[in-house]
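Please read them with the coordinates open.

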Amino acid sequence: MIQPELREILNNRLAALEERIEAACRRAGRPRSEITLVAVTKSVTASVAAVLPELGVIDLGESRPQELWRKAAALSKDVHWHLVGHLQRNKITPTLPLVHLIHSVDSLRLLAALEQDASKQQLPVAVLLEVNTSGELQKHGFAVDEVPTVVGELLALRHVHIRGLMTMAALAEDPERSRPSFASLRELRDRLSRDFEEPHRLEHLSMGMTSDFEVAIEEGATVIRIGTALFEGLSEQAA
Ligand SMILES: *Cc1c(COP(=O)(O)O)cnc(C)c1O
């Protein structure tokens, strides 16, 4: 595929996505400016991903740290990189200088390792706590009931800055099936946010993917993570 054609496809998909985001904001009575679109580029090459910042989307997400490193090296330094997948402790050191927000912090053990490395590198790191709101056993994340019990440990972190909560709903055909997960993440945030103080702040709710982002916006998402709606069918494109 030649570059102008790829650009046109992505521009059209972005426009269609933007219309749906704005419609969901109107239904929810929320300003569009409250929501950050993260384009999840895990299925495409760096050259396809590189078109997004040219179209004005500077927040890009990857689920694997190694792929984030690779694309960060290839793309504009203006990109805000989001790690949305599992972070192994042995991948922390090279990830910290590159990442704008880690969405997927799923244990106190990982938080402790991040704190130690961020302190050593003198680089504060912004994170979200991944919460398992669906109760599925194979899902990563803190249990909903667990989060209130670890607030003291969270508030002791100095170089790790907690910025909010993230969840993935159970995959389902019907996006309405995601609503209880998203509502429970918002309720947890509302319940705990007064206990958080600087440098911590529960401002963000990262929830909603291609199949359920509109429901997520209705339930209070401030960050949505979109891959398929932008990149479907483009995975083999070298651009
Ligand atoms: C892949 C991925 C997304 C994007 O999902 P789509 O359904 O393709 O929009 C969002 N969040 C996480 C954690 C992912 O791994």
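1. Buried means under 20% relative accessible area, exposed means over 50%, and partly exposed lies in between, with a 1.4 Å probe and protein chains only. By that rule R7 is partly exposed, with a relative accessible area of 33%, and E54 is partly exposed at 48%.

2. The model is predicted: local features need pLDDT of at least 70, side-chain atom pairs count only at pLDDT 80 or more, and totals for chains, interfaces and linings use all residues. Residues are numbered from 1 along each chain as its sequence is written, and side-chain values use heavy atoms, with hydrogens and water left out.

3. A salt bridge here is a side-chain nitrogen of Lys or Arg within 4 Å of a carboxyl oxygen of Asp or Glu. The count comes to 16 salt bridges. One of them joins R7 and E54 at 2.7 Å, N to O. That pair links distant parts of the chain, since R7 is in helix α1 (residues 3-28) and E54 in helix α3 (residues 51-54), 47 residues apart. Helices (H or I, at least four residues) and strands (E, at least two) are DSSP runs, numbered from the N terminus.

4. R186 and E219 form a salt bridge of 2.6 Å, N to O. R186 lies in helix α8 and E219 in the loop between α9 and β9, so the bridge ties together parts 33 residues apart in sequence. R186 is partly exposed at 24%, whereas E219 is buried at 11%. Both belong to a salt-bridge network that also includes R27, E176, R179 and E218.

5. Helix α8 covers residues 179-192. Its buried residues are S181, F182, A183, S184, L185, L188, R189 and L192. They pack against β5, α7, β7, β8 (204-206) and α9 (213-218), where contact means heavy atoms within 4.5 Å. R189, buried at 15%, meets D190 in a salt bridge of 2.9 Å, N to O; D190 is partly exposed at 44%.

6. In helix α6 (residues 108-121), the buried residues are L110, L111, A113, L114, E115, D117 and A118. Their packing partners include α5 (92-95), β4 (99-105) and β5 (125-132). Just after α6, Q122 takes a positive phi of about 50 degrees.

Technical notes: Expected span 1.5 Å × (residues − 1).
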